[in-house]
Amino acid sequence: MTLYSDILLSGLVLGGMYALTALGLTLQYGVARIMNLSYGEFLVAASFGALFLYTGASVNPIVGLLLVVPLSFGAHWLLYQIVLTPLVRRAKHQGMLEVDSILATFGVLFVVQGVMLVLFGGQLYSYTYLSIPISVLGSTLAVNRLLALAFALIIGGALYLFLTRTRSGTALRAIAVNPTAAQLSGIDIRAASALAFAAGGAIVGAAGVLISMFLTFSAASGVGFTMKALIVVIMGGVGSMAGALVAGLMLGIAETAVSRLIDPGLTIAVTYALFLAALLWRPTGLFGRPAR
Amino acid sequence: MTGTLLKIASLRIVAVGAVAMAIGWAGMASAQEPTSIKIGWSISKTGPFAAGASVTTLPNYQVWVKDVNDAGGIMLKSIGKKLPIEVVEYDDRSNSEEMIKAVERLATQDKVDFILPPWSTGLNLAAAPVFNRLGYPHLAVTANTNRADELTKRWPNLTFWLGQPVEIVDGLVELLTKLRTDGKIGQNIAMVSVADQFGIEQSTAARDGLKKAGFNLVYDKSYPFGSQDMQPVLKDAQATNPDSFIAFSYPPDTFALTDTAKVLGFNPKVFYVGVGTAFPMYKGKFAAGAEGVMGIGGSNADLPGVKNYIQHHKAIIGREPDRWASPITYASLQVLQQAIERVGKIDRAAIIKEINEGSFETIIGPVKLKNGQYKEVWAVGQWQGNDFYAIAPFKQAGARAPIVPKPAWQ
């Protein structure tokens with residue numbers, strides 16, 4: 001029994017990290033309709049921010065969040081206004097905007113990565129913060145990873161409540177469902193989309209800071225985060241906060257279970273097997289709306 | 001009339017002759033009086049290999065070029081003066097096709113005198129036939145392959161400097177066997193490895209070697225490249241209660257394994273992790289926690305040459321070099337310089353011969369290649385105090401005594 005509860009807890013903690021990295025992307029892709037390929041680069045940029053606040057100015061990463069998150073929000077808001085608004089304006093339909101935004105953010109990816117390479121070089125970075133054991137129901141977990149899970153749950157829960165219980169949240173969901181009709185009912189699409197995109201940016205900033213406490217990163221490691229986030233977002237259903245949370249946690253538990261019960265070599269295989277199964281069974285994702 | 005014609009004709013001849021002479025003289029001058037030695041390299045500044053190349057390879061190229069140029073350059077006896085190094089650099093974006101294009105371009109377009117190797121086993125093996133066809137010496141320092149004997153026979157311009165995977169594993173197995181004989185550790189070993197060429201080659205060799213030596217492998221698993229959570233693997237390894245834990249891992253996994261072992265309080269008598277243990281950032285990250293951790297590589301940090309080199313590298317680059325391939329990379333460049341100076345002119349065939357046959361004085365001590373390979377390589381190092389000291393092969397001069405059992409995590 002302890003083995004199973006251990007698997008469940010360790011899996012939740014790993015899955016919390018996956019969910020955390022995916023929440024911002026699902027907001028950006030699901031609501032603002034921007035398939036942001038430079039997502040992982042911004043995550044790594046936030047990690048560098050945390051690293052330098054910690055090692056350079058002795059600001060601990062939790063306090064660092066207070067600086068990095070608003071900064072990331074602002075940077076993404078500007079990115080939307082300057083780079084993405086022209087694409088939104090000239091897009092004749094949803095498909096066109098998706099293709100254009102993929103191309104544009106692909107370019108942004110190289111710009112951000114290039115700047116980081118110039119500033120920090122290609123080498124790996126890693127520091128240690130809150131890497132202390134804590135015993136939960138008989139399982140030993142690392143505090144920093146547990147913190148990432150807690151943030152994922154808080155952010156995911158808060159966003160869910162915001163989207164379902166508030167007027168602005170309802171407006172955002174309306175945009176996600178039908179941008180034209182939303183506009184006709186008096187919603188300022190551009191302002192709301194910019195807000196959603198920037199909010200996604202704030203979340204990716206938080207994810208970058210939290211993850212830097214326990215993962216080794218370099219200027220080149222952003223693509224890996226984008227890939228994993230994309231899997232979680234598509235599996236959970238584009239634009240669904242609950243979907244991203246559940247899909248992320250599921251992947252974490254599945255990977256840990258396979259690793260402990262069968263073979264650690266199969267963890268990547270199980271990720272993709274689950275992904276495929278979810279898509280075959282529910283092509284729009286676990287919590288996705290049926291295709292329009 | 002005829003006189004004028006003759007005059008014009010002869011003027012022309014004079015003019016043509018003068019131009020021809022001028023061209024010839026300029027040509028002769030450039031052939032005989034080069035103003036620099038052009039050295040090119042193609043290195044991964046971006047992409048997945050940038051992490052390794054920017055620790056082990058590129059900084060050493062930069063330090064060496066600066067050192068040579070600060071000393072006036074490389075002495076060429078044939079013209080009786082020192083020539084500074086001029087650098088041509090390309091980024092191969094961690095892509096073997098880009099790297100080969102860049103190497104070809106260095107030889108044919110930039111017409112460099114020497115080409116320094118790319119980073120990693122894969123890129124060096126891909127580059128080997130190209131270097132050979134172009135006739136350039138190939139100092140494949142960061143390549144680590146069991147086919148070294150065969151390859152250096154096929155391509156005499158190719159030299160290896162980091163030992164063979166089998167030799168690295170042998171060093172580890174011999175060390176563990178000796179520790180067992182001395183009664184410091186028992187039979188049980190837990191082993192994990194990354195599931196790619198490096199991890200598979202090393203773990204296969206280790207599995208054979210450990211079984212032959214009579215060890216008991218209580219845990220033996222591989223994990224996928226890029227795994228972000230080492231807890232499942234380590235919890236199961238810990239449950240088998242091994243005397244020794246060995247991991248053939250890459251830098252991010254090496255850090256994660258150490259970090260997680262610390263969190264779990266998993267402290268076997270021998271804790272050995274793979275690539276990255278020899279990085280100064282390992283000590284930076286774990287501080288006193290690094291004490292007693294073993295890993296791949298190591299250097300004889302008591303040698304004055306190595307000691308000075310570490311300080312010098314830090315002064316120029318701003319951070320310390322790694323303690324495995326970095327000192328050897330710098331030493332290989334010293335060998336190149338000495339070989340050029342002994343030959344005294346840019347005669348690449350003669351320089352290749354000298355690299356293979358000569359004896360050289362370097363920061364890591366005397367270097368004499370055997371079958372195109374540097375053999376006095378360290379297999380296992382251990383963090384002891386502030387440095388990562390070589391402890392195996394333990395019979396090799398300069399090896400320190402290992403600290404076993406490993407002290408508790410700090």
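**Pairing of β10(B) with β11(B).** B:I246 has B:Y272 as its bridge partner in β11(B). This and every other view is taken from a predicted model. The two strands, β10(B) and β11 (residues 270–273) of chain B, pair in the parallel sense, and 3 bridges connect them.

**The open sheet of chain B.** Here 7 strands are arranged in the order β9-β8-β10-β11-β12-β15-β16 (chain B), forming an open sheet with mixed pairing. The edge positions are taken by β9 and β16 (387–392) of chain B; each has a single partner strand, so one side of each remains without a neighbour in the sheet. On average, and with direction ignored, neighbouring strands of this sheet are turned by 25 degrees against each other.

**Helices lying across the sheet strands.** Both helices in this view lie across β8, β9 and β10 of chain B: α7(B) runs at about 160 degrees to β8(B), and α8(B) runs at about 175 degrees to β9(B).

**Helix α7(B) and its buried residues.** Helix α7 (residues 197–212) of chain B has 16 residues, which at 1.5 Å a residue should span 22 Å; the C-alpha atoms at its ends are 23 Å apart, in agreement with that expectation. Its buried residues are B:F198, B:G199, B:E201, B:Q202, B:S203, B:A205, B:A206 and B:L210. These buried residues pack against α6 (165–181), β8 (188–194), β9 and β10 (244–248) of chain B. The helix is followed by B:G214, which has a positive phi, near 85 degrees.

**Contact between chain B and chain A.** In this view, 33 residues of chain B are in contact with 28 residues of chain A. On the side of chain B that touches chain A, at least two residues come from each of α2 (50–70), β9 (216–223), α8 (231–239), α9 (251–264) and α10 (280–286) of chain B. The element that gives the most to this side is α9(B), with 8 residues. By class, the residues of chain B on this side divide into 17 nonpolar, 9 polar and 7 charged.

**Crossing of α3(A) and α8(A).** Two packed helices are described by the angle between their axes and the distance between the axes. For helix α3 (residues 61–90) of chain A and helix α8 (residues 189–212) of chain A, the axes come within 7 Å and cross at roughly 145 degrees. The crossing of α3(A) and α8(A) is right-handed. Sorted by class, the residues in the contact of α3(A) with α8(A) are 17 nonpolar, 9 polar and 1 charged.

**Surroundings of B:Y374.** This residue, B:Y374, belongs to the loop between β14 (365–368) and β15 (380–384) of chain B. B:Y374 counts as buried because 22 other C-beta atoms lie within 10 Å. When residues up to four places away in sequence are not counted, B:Y374 touches B:W161, B:V367 and B:L369. B:Q337 stands 37 residues from B:Y374 along the chain, and the C-alpha atoms of the two are separated by 17 Å.

B:R93 is found in the loop between β4 (85–91) and α3 (96–108) of chain B, and B:A287 in the loop between α10 and β12 (294–296) of chain B. B:R93 has 17 C-beta neighbours inside 10 Å and therefore counts as partly exposed. B:A287 has 11 such neighbours inside 10 Å and therefore counts as exposed.

The bond joining B:A392 and B:P393 is a cis peptide bond, with omega about 5 degrees. The peptide bond from B:V404 to B:P405 is also cis, and its omega is near 0 degrees.

Chain B has 13 helices and 16 strands. Its C-alpha trace spans about 110 × 40 × 40 Å along the principal axes. Of the 410 residues in chain B, 51% are buried. Among contacts in chain B between residues at least 6 apart in sequence, 66% join residues at least 24 apart.

Notes
Residues are numbered from 1 along each chain as its sequence is written. Chains are lettered from A and ligands numbered from 1 in the order in which they are written. This is a predicted model: local features need pLDDT of at least 70, side-chain atom pairs count only at pLDDT 80 or more; totals for chains, interfaces and linings use all residues. Axes are lines fitted to C-alpha atoms, for helices over the stretch in contact, and angles run from 0 to 180 degrees between N-to-C directions. Helices (H or I, at least four residues) and strands (E, at least two) are DSSP runs, numbered from the N terminus. A crossing is left-handed if the near helix is turned anticlockwise from the far one by less than a right angle, and right-handed if clockwise. Ala, Val, Leu, Ile, Met, Phe, Trp, Tyr, Cys and Pro count as nonpolar, Asp, Glu, Lys and Arg as charged, and the others, Gly among them, as polar. Two residues are in contact if their C-beta atoms, placed from the backbone, lie within 7 Å. The expected span of a helix is 1.5 Å times one less than its number of residues. A residue is buried if 20 or more other C-beta atoms lie within 10 Å of its own, exposed if 12 or fewer, and partly exposed in between; C-beta atoms are placed from the backbone. Two strands pair if DSSP finds at least two bridges between them.
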